[in-house]
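The stops below go from a cavity to its ligand and then to aromatic rings.

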Amino acid sequence: MKQRVVSGMRPSGRLHIGHYHGVLENWVKMQDSFDCFFFVADWHSLTTEYADTSGIIQSIKDMVLDWVAFGLDPEKCVIFRQSMVPHHSELNLILSMITPVSWLERNPTYKEMLDNIDQRDLTTFGFLGYPVLMAADIILYKAKRVPVGQDQLPHLEITREIARRFNHLYGQVFPEPEALLTETPKLPGLDGRKMSKSYNNSIYLSDDAETTNKMVMSMVTDTNRVRRSDPGDPDVCVAFNLHRIYVPQEKLDEIAPACRNASIGCVDCKKILAGCINERLAPFRAKREELSANPGFVDELLREGSRKASLVSDTVMMEVRAALKF
Ligand code: TRP
Ligand code: SF4
């Protein structure tokens, strides 16, 4: 029996290469060795984007196209949309009854976001309850493992506490899921800050080769290297973080010393990088084009995936209701 894995992503639209190397690539690798459920956390996006939902459908389509084009296989894993499986909401409600508010208030992500985000009013019930909905997402499938990044570990800890409390109150129903911490390579954006849609510094998986070339050429390098004749240092060069991922080792062994003795310029060096990125992404990009030619593709895929997910969640909810004596 393969271990059950559940993970979700909020629908953020087209994915950038940071999402790919940070999360998606890892999901793709897990499809064979685990029983995987991957979902679009569209209700979660409402916790912060409730005031403007106009882009959500397009964001879901774009993200799911990236998922499938870049390697998730609906024959190997269940791909679904949270809001198409209403059991998430029912379990969220039940879990909310047993979750002390203090657990949520001391959640570091909650405090940090309340302090840092001032364009939106996040003093809502739903935003405070974000980790409860996330706990419901996970234990609804009795997941054993949850691949997440470092930033989600406090949420996962709350999930474990909620599962434990449920079992304590109503009898053993849920396993306590464990984090499968995703190792994320350092992948800065074009300007050296974290790659993020809001900074406009990203290379998107679905960009065409021309756009990627332009983006890479605008990338910050070693800021001490002002003139072409100045020696550079790959270890402090922003672009070189991408070289490490995309450029083959033999080539890296040539470039690094050539940078240090100024026999290669940044323009040529980044051309090599752009070429390698485009070469690596080309087959996936072509697949994405092909998939998106069928306008009903994502809808159908999510409908079928959500049907499969419901088969599991339905049985678990029956157990939950029985445990509650409802
Ligand atoms: N909170 C996650 C994020 O922002 C998304 C998410 C929602 C999730 N439900 C989940 C991740 C369940 C793993 C499991 O990235
Ligand atoms: Fe970076 Fe390459 Fe320029 Fe060296 S030559 S600073 S590695 S871009």
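In what follows, Ala, Val, Leu, Ile, Met, Phe, Trp, Tyr, Cys and Pro count as nonpolar, Asp, Glu, Lys and Arg as charged, and the others, Gly among them, as polar. This is a predicted model, with local features needing pLDDT of at least 70, side-chain atom pairs pLDDT 80 or more, and totals for chains, interfaces and linings using all residues. Residues are numbered from 1 along each chain as its sequence is written, ligands are numbered from 1 in the order in which they are written, and side-chain values use heavy atoms, without hydrogens and water.

Select Thr221, Cys237, Cys259, Cys266 and Cys269: of the 14 residues lining the largest cavity, these lie nearest its centre. A cavity is a set of points on a 1 Å grid over the protein atoms alone where a 1.4 Å probe fits but cannot get out, and lining residues have an atom within 4 Å of a point. The lining divides into eight nonpolar, three polar and three charged residues.

Next, select ligand 2, which sits in this cavity (more than half of its atoms lie within 2 Å of the grid points). Its surroundings include Asp222, Arg225 and Phe240 (a heavy atom within 4 Å).

Now select tyrosine 20 and phenylalanine 70. Their ring centres are 5.7 Å apart and their planes at 65°, so the pair is edge-to-face (centres within 6.5 Å; planes under 30 degrees apart count as stacked, over 60 as edge-to-face, the rest as tilted). Tyrosine 20 has 8% relative accessibility and counts as buried (under 20%, 1.4 Å probe, protein chains only); phenylalanine 70, at 1%, is buried too.

Finally, select Phe37, Phe39, Phe80 and Tyr141, which form one aromatic cluster.

Definitions and conventions. On a 1 Å grid over the protein atoms alone, a cavity is a set of points where a 1.4 Å probe fits but cannot get out, and a pocket is an open set with protein on both sides within 12 Å along at least five of seven lines; lining residues have an atom within 4 Å of a point. Rings of Phe, Tyr and Trp (its six-membered ring) pair if their centres lie within 6.5 Å; planes under 30 degrees apart count as stacked, over 60 as edge-to-face and the rest as tilted. Buried means under 20% relative accessible area, exposed over 50%, partly exposed in between (1.4 Å probe, protein chains only).
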